[in-house]
Amino acid sequence: MIGFRPPAVGRVALLAAHCDDIAIGAGGSLLTVCSARPGTRVDALVLSGGGTEREDEEHAALAAFCPGADLRLTVLKLPDGRLPAHWDEAKGAVEELRARTDPDLLFAPHPGDAHQDHRGLARLVPTAFRDHQVLGYEIVKWDGDLGRPSVYQPLTPEVAEAKVALLQQHYPSQRARPWYDREAFLGLARIRGIECHARYAEAFHVNKLTLDLAGG
């Protein structure tokens, strides 16, 4: 397993179709980067849930997952499960996010996700963020779309446990879902950890990565 250390990360952007997507897919990585780099600017956009209890959950959750960060969150009101029918609105929102931030790292859904909202948003990302490092997060679900990711962020046991605790604490609206439990979240993290010689990890899909072997 070969590790690459990226340049200093001072700005992070987050994209999601729904409240809780970011925390499920990249919550441990956010805890890791924001704890290591206080003052990191985090610009987040969620396309649905605005004006509901889910927006309140998302504000509280991302504040906890991004400790010490300069967090700027926007939650819109696109209807859940209908992103293909609201393509222009979604594209405009992604372009607006790009206009106000030039992130060192972007977390977003990946194009292989089986959920139409996730998949649609993933396809919009390269139309606005053309020269950015994008990490496509994964979300466990009924569809069984977990694939073979290529990038891993190891998580300490403390961070993995904190992620699960924060998910349970900040998203009470989701607790009744059969897949939303400690075993699912830690189980996937343990499997991804095995794949990168760590106890726990989050895994991401990357379509393109440019190297600078000269270090210049």
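For what follows, Ala, Val, Leu, Ile, Met, Phe, Trp, Tyr, Cys and Pro count as nonpolar, Asp, Glu, Lys and Arg as charged, and the others, Gly among them, as polar. The model you see is a predicted one.

I'll start with the cavities. A search of the whole structure gives 2 cavities of 30 Å³ or more.

The second largest cavity holds about 50 Å³ of space. Its lining is made up of Ala17, Leu47, Ser48, Leu78, Pro79, Asp80, Leu83 and Asp117. By class, that lining has 5 nonpolar residues, 1 polar and 2 charged.

Now the largest cavity, with about 160 Å³ of space. It has 17 lining residues, and nearest its centre lie Ile24, Lys163, Phe185, Leu188 and Glu202. Which elements supply the lining? At least two residues each come from helix H1 (21-36), helix H5 (157-170), helix H6 (182-195) and strand E7 (200-205). H6 gives the largest share, 5 residues. The lining of the largest cavity divides into 13 nonpolar residues, 1 polar and 3 charged.

Next, a pair of helices. Helix H3, residues 87-100, and helix H4, residues 116-128, have axes that come within 10 Å and cross at roughly 45°. Because of that angle, H3 is oblique to H4. The crossing of H3 and H4 is right-handed. On the H3 side, the contact is made by Trp87, Ala90, Lys91, Val94, Glu95 and Arg98. H4 brings Gly120, Leu121, Arg123, Leu124, Thr127 and Ala128. Sorted by class, the residues of the contact of H3 with H4 are 6 nonpolar, 2 polar and 4 charged.

Notes: Residues numbered from 1 in each chain as written. Predicted model: local features only at pLDDT ≥ 70, side-chain atom pairs only at ≥ 80, totals over all residues. Heavy atoms only, no water. 1 Å grid on protein atoms, 1.4 Å probe; cavity = no way out; pocket = protein on both sides within 12 Å on 5 of 7 lines; lining within 4 Å. Points joined across faces, edges and corners; volume = space filled by probe spheres on them. Helix = DSSP H or I, 4+ residues; strand = E, 2+ residues; numbered from the N terminus. Axes fitted to C-alpha atoms, helices over the stretch in contact; angles between N-to-C directions. Parallel < 35°, antiparallel > 145°, perpendicular 65-115°, else oblique. Left-handed = near helix turned anticlockwise from the far one by under 90°. Contact = heavy atoms within 4.5 Å.
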